[in-house]
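These are my notebook entries on a structure that I examined for the first time.

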Amino acid sequence: MDLQQWNFNNNGNIELNGKWEFYWNKLLTPNNFINTQKEPHYAEFKKLWNSLNVVFPEVNAFGSATYRLNIKIDSTKNRTLALGIPPLYTSYKIWIDGNEVGKSGTTALSKKNYIPFWERKTIPFTSNGNNIEIIIQISNYDHSKGGPGYSLLLGNFSEIQRYKDQLITFDMFLIGALIMGGIYFLGLFKFGSNSNSVLYFALFSFIFSYRIISTEPYVISEIFPNIPWYIFLRLEYISLYLSTYIFFKFIEELFPNEINYLFLSIYKITPLLTTAFTIFAPAFYFTQLIGSYLIFIISGTLYLIYITLKAVKNKRIGAVYTLYSFITIGVISIINMFDYWGYYSSPKFIYIIGYILFFFFQSLILSYRFTAQYKESTKQAELATLAKSDFLSTMSHEIRTPMNGVIGMTYLLQKTNLNKIQKEYVDIINVSGENLLTVINDILDFSKIEQGKMELENMSFDLRKIIDDTLTVLRISAEKKEIELILDMDYNVPRYIISDSVRIKQILINLINNALKFTSKGSITTKVILNSIIDNKHEIKFEIIDTGIGIPENKLNRLFKTFSQVDSSTTRQYGGTGLGLAISKKLSELLGGEIGVRSTPNIGSTFYFTIKVNSDSEKSILQKTKDQEKFKGKKTIILDDNHVNLIILSSQLKEFGIEVTSESNHYNFIEKVKNNNYDLAILDMKLNNTTGVEVAKEVKTITKAVKMPMFLFSSVKTDNTDVINTLFKSYSTKPVREEKLISELHKIFNNNESKLELSTINTKQKSVNNEINYINNDVNILVAEDNIINQKVAAGVIKNLGYKTDIANDGLEAVEACKVKDYDIVFMDLQMPNMGGIDACKKIFENCIINSKPNPTIIAMSANVFQESRQMCENVGMKGFVNKPIVANELNKCIKRWSVELIQHQV
């Protein structure tokens, strides 16, 4: 093989397929080739021995063989290399340039002396010249497959190892999802369902998770390398057969009226027979079953689709999602079959997506059926509501508790010294954990809405600030794609309204995030207008206008439906659960409005929703009056070639009482600056044929405008800070928060006063910060938590924030600890053995009264996110609530807040 022109650093790894020297039933070493001329056959390396017997009749699955390959390379480019060796059927030994570098099991010319084993390895080596000689011995006397079966990789050690790690990461992620699903459904079974279908699906999740870990890349062999190959192989096959049996039992419980028991008996008995055969038969025989069994699975899947179609026709609960899941698993089974027979090598992530979708749809089925059980009679309805609430509360805790360990430990790991690859992996885990938490939150939100448990808070708040906050959160994502976020808020819209700010913000984040996902260039405009006023009820309309890919008219009906996407194919480009828009629809309806969409393919989409609110007129009028008084009589000129931006900013400044001149052409802008006096010039950074910086330089050459302050707006952050600081009085990225705009304008127009005020604020802030830092070591913190992992997470996060902490393993220990030591802050888990957090809190306060001591500040720390739990905590005197998974910034804010109060009480 001639690879002299190949540079592995630039071109990547290469598969060593193609023709190799092939010596059947000979185990040759490098010494056998010294001064000896061999007459080899040539065989395709990747092909199994069974497929070679057309050319070599003597070759079959049982036997031994030696493969030899000479590779020409340019050693000046590729001196340090590595060889990635997949599991080979079923043992091998390998030499590179005459040196034995690796083995798996023991190769031999007879079954008596050989030992089978499967292991994926990455072997680094250094090339001493421009030729590489690779010799591989392979032996097999057990498996129905013999020979390589997989490709060897030649390339950089780090890249080959990264590929191996990716395969393992995919498997571990999928196993984690299946095990968490199994725990979820066991909890569902235990806490009120008592349905055998739920139990069977939990068992299926656990058994099939072993199937994943025991197939390529055989993670189980790395975790437990001492498991005998014969046991390991049998367990691999048995896990597939038993999971099939359990799944058909699950279907029997799910749709008893639709199944044909004769057919079902065949599909249940066959896995049991193959399991028994696998236990007692030699490996050669039972490994031949797998190809036929894959066909059996596909036929079973087709039968299940038929059953489900009947169930859909009969309007069985969850039957539609069952149909989706069976179609998904059918596609995955067909891909797996082609992969097994060597016709198609599918990427690992396809299986992950398929299995997760399959599991997800099944979870929907059981969740819906679980809910339906408690709606069978009016008498049981009240009990059902309570049971569902308890279940969601418990499952929220059960799911979020391990998630707290994953996200918390990832945060702590990020604080340690990591190499580049380790940091990349940790970041992937962190992002995956946060994405999974988002899915969990979406499901919990949807469940609460469906049950009527979603409670809205009606409070007065600044609508403009809520929208500004939302755009600020999403600005980083927009900057990465160089998409401009624009806010166009009609000033007829009341500034202060009475509604639920959290849920309005949630809808906005869902819709703008959705727009960001499907927009690759251009802008996303958030438009807010006042639709109508009827009986003091203001109907406010929000429009999210993007310049993205748009949506075909025949696909619009899929939007806002639960777990539905425009593109539901396995090759779709954009991810998501399909819950965000469904939740947004429900929330907008709860807020008294509606939601909808208009779209044109390749031009863009406009998602809109309305809410009905009361206006807090006094605050709105007062704010508008204050803004106008600040800037009355000031003259400003704006330069921006984006017509929409120009109109929006001009209107905004006019509302502040500023006299505004606007220009989209920089030549006209310069002329107006020469001929008029302005108090301020606002320039956009990105202009046609020039930039705001270049225009500003020209302005500075105009005598009458030398001292005129200038304000620069930019869609993206700029690194040229020295030039900008020299030319401009202020700089801001878009979208500009109104409060920041007002603040910057105030500083520009009232320079001395602003500096004095800012100095006072900074002095006060510095004083408070110094006091907080001073008491870091003096704040006594106790964490009451029974889960060891969560203990380590909480203690580690608090330590990283500069505080010391003690640990109590349950409520009783927390009570005793507070008797011995005066704690300032206690973080209290709610669900603990011996004594829960609520009872422990009551007992601590009672002891403080008896001993005439001040109460510690007790903060609830729980994975239970429901309002009832928060209310219980408030009722017993707890001062706050920290959600699990623990977020370091939130914990830091909480400690600092109560530390400041501690300072004030001490003073």
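I call a residue buried when its relative accessible area is under 20%, exposed when it is over 50%, and partly exposed in between (1.4 Å probe, protein chains only). The model is predicted, so I note that local features need pLDDT of at least 70, that side-chain atom pairs count only at pLDDT 80 or more, and that totals for chains, interfaces and linings use all residues. Residues are numbered from 1 along each chain as its sequence is written, and side-chain values use heavy atoms, with hydrogens and water left out.

Entry 1, salt bridges. I counted a salt bridge where a side-chain nitrogen of Lys or Arg lies within 4 Å of a carboxyl oxygen of Asp or Glu. By this rule I found 20 salt bridges.

I looked up Arg 68 and Glu 133, whose side chains meet in a salt bridge at 2.9 Å, N to O. This pair links distant parts of the chain, 65 residues apart: Arg 68 is in strand 5 (residues 63-73) and Glu 133 in strand 10 (residues 131-140). Helices (H or I, at least four residues) and strands (E, at least two) are DSSP runs, numbered from the N terminus. I found both Arg 68 and Glu 133 buried. Together with Glu 21, they are linked in a network of salt bridges.

I then turned to pairs within a helix. Arg 162 forms a salt bridge with Glu 159, with the closest N and O atoms 3.9 Å apart. The two are separated by about one helical turn, because they lie three residues apart in helix 2 (residues 157-193). Arg 162 counts as buried at 18% relative accessibility, whereas Glu 159 counts as partly exposed at 36%.

In helix 5, Lys 249 and Glu 252 also lie three residues apart, and their closest N and O atoms are 3.8 Å apart in a salt bridge. Lys 249 is buried at 16%, and Glu 252 is buried at 15%.

I located Phe 224 in the loop between helix 4 (219-223) and helix 5 (229-254). Phe 224 counts as partly exposed, because its relative accessibility is 46%.

I checked the length of helix 17 (residues 643-655): its 13 residues should span 18 Å at 1.5 Å a residue, and its end C-alpha atoms are 19 Å apart, which agrees. The expected span is 1.5 Å times one less than the number of residues. Among the buried residues of helix 17 I noted Leu 646, Ile 648 and Leu 649. The helix is followed by Gly 657, whose phi is positive, near 90 degrees.
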